[in-house]
Amino acid sequence: MTEFQVNHKQFSESLLKWYRRKGRFLPWREEITPYRVWLAEIMLQQTTVITVKDYYARFLEAFPTITDLAQAEEEQVLTLWQGLGYYSRARNLHKCAIKVVNELNGIFPNTEKELLDLPGIGPYTAAAVAAIAFKEQATVVDGNVERIISRLYRIEEKLPKSRPEIKEKATELTSEIEPDHYAQAIMDLGATVCTPKKPNCEDCPVADFCQAKEKGDMLEFPKKEPKKPKPHKTGTLYIFEDAQGNLYKEKRADKGLLANLWQFPSTGWENDSLPDELEELLCDNEAVDIGTYSHVFTHFKLTLDVKHIKIAEIMPWEFADKPIPTLMKKAYLLLEK
Ligand code: SF4
């Protein structure tokens, strides 16, 4: 355990002073409400601010209140979510809205502890909503904060084992004054100053407290266990197109990977063979190779060979406004080449 101590009061004063001058202007900071903070924080998990801005605006337009979101069909939510990935976030977002509206009169609980009981809200989001929307002295710890704390204290333990120590240090530093601004300030510091590859220590408001800056070895922190290579799966994806240009899509199961989204049928990575009626169409018609593409999921990489099969009949197949994952959009791109 690192013994170095930081003066918490001076640290948060420096950070808050910097935030007042240099904090980022973000759409979800224009009008702070629990609904808006929660929506933005769920979207921001695993996604960049630039990407989230458009989705956030579209969601607020479609669902101005949590009641509007709770009353929507799941498919409408998934359709608006298309391209953001990690679709379980969208399904949990919807479930959480339903729970808040049906069981809590549409009012978010105002403590970190209670927020943790809601679907899709993990420790980071609970702390962020509690701090930003309800001004609770809650400690946010995401990848940015892990990096800052690891550098401030030169934490030698590697991630993920170092998480308890990082959480402890981050908690000690969390300001009781303006905890809402403090949470946003430390996120901004990680996003704009204490960045992974080029920390701008010269302009850092907390440089005087930073052990790594003093030693000049910032880039060595956070220390991490080497990542295991992801398994690589392969398969074949089939785009059946009828005489009117309708494309065959099927709905995925309501549980597991990409649940409830629509897809072109494929084999080799999830299923060994196509349904009988498609196997027959495949036997009777020419399958043209139109390319290969890869997609990286959290736990594996997938490479698909894409075959295009034109059939003479007219089939009522195209479901234009159904939600499809990026994995399938990449196949569309090959078709359009
Ligand atoms: Fe990060 Fe440098 Fe600031 Fe330390 S001084 S917190 S390494 S930007």
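1. A word on what you are looking at. This is a predicted model, in which local features need pLDDT of at least 70 and side-chain atom pairs count only at pLDDT 80 or more, while totals for chains, interfaces and linings use all residues. Residues are numbered from 1 along each chain as its sequence is written, and side-chain values use heavy atoms, with hydrogens and water left out.

2. Now the overall picture. The chain has 14 helices and six strands. Its C-alpha atoms fill a box of roughly 75 × 45 × 30 Å, taken along the principal axes. Of its 337 residues, 49% count as buried.

3. Around the ligand are Arg151, Val193, Cys194, Pro199, Cys201, Cys204, Ala207, Cys210, Lys213 and Met218, where being near means having a heavy atom within 4 Å. By class, this shell has eight nonpolar, no polar and two charged residues. In that scheme Ala, Val, Leu, Ile, Met, Phe, Trp, Tyr, Cys and Pro are nonpolar, Asp, Glu, Lys and Arg are charged, and the others, Gly among them, are polar.

4. The aromatic side chains deserve a look. Rings of Phe, Tyr and Trp (its six-membered ring) pair if their centres lie within 6.5 Å; planes under 30 degrees apart are stacked, over 60 edge-to-face, and the rest tilted. By this rule the count comes to 11 aromatic pairs. In one of them, the rings of Trp38 and Phe108 have centres 5.2 Å apart and planes at 55 degrees, so this pair is tilted. Trp38 lies in helix H2 (residues 34-44) and Phe108 in the loop between helix H6 (87-103) and helix H7 (112-115), so the pair ties together parts that are 70 residues apart in sequence. Trp38 is buried at 0% relative accessibility, and Phe108 is buried at 6%.

5. Another pair is edge-to-face: Phe59 and Trp81, at 5.8 Å centre to centre and 85 degrees between the planes. This pair links distant parts of the chain, with Phe59 in helix H3 (residues 49-62) and Trp81 in helix H5 (residues 74-81), 22 residues apart. Phe59 is buried at 0% relative accessibility, and Trp81 is buried at 0% as well. Elsewhere, ring pairs link Tyr35, Trp38 and Phe108 into a cluster.

6. The rule asks for NZ of Lys or CZ of Arg within 6 Å of the ring centre and within 35 degrees of the ring normal. Arg58 lies over the face of Tyr55, at 4.7 Å from the ring centre. Lys233 lies over the face of Phe300, at 4.4 Å from the ring centre.

7. Next, some backbone details to inspect. Most residues other than glycine have a negative phi, and most peptide bonds are trans. A cis peptide bond joins Leu159 and Pro160, with omega about 5 degrees; Pro160 is in the loop between helix H9 (143-153) and helix H10 (163-173). Phe221 and Pro222 are also joined by a cis peptide bond, with omega about 0 degrees. Tyr86, in the loop between H5 and H6, has a positive phi near 45 degrees and is partly exposed at 38%. Glu178 has a positive phi of about 45 degrees and is partly exposed at 26%.

Technical notes. Helices (H or I, at least four residues) and strands (E, at least two) are DSSP runs, numbered from the N terminus. Buried means under 20% relative accessible area, exposed over 50%, partly exposed in between (1.4 Å probe, protein chains only).
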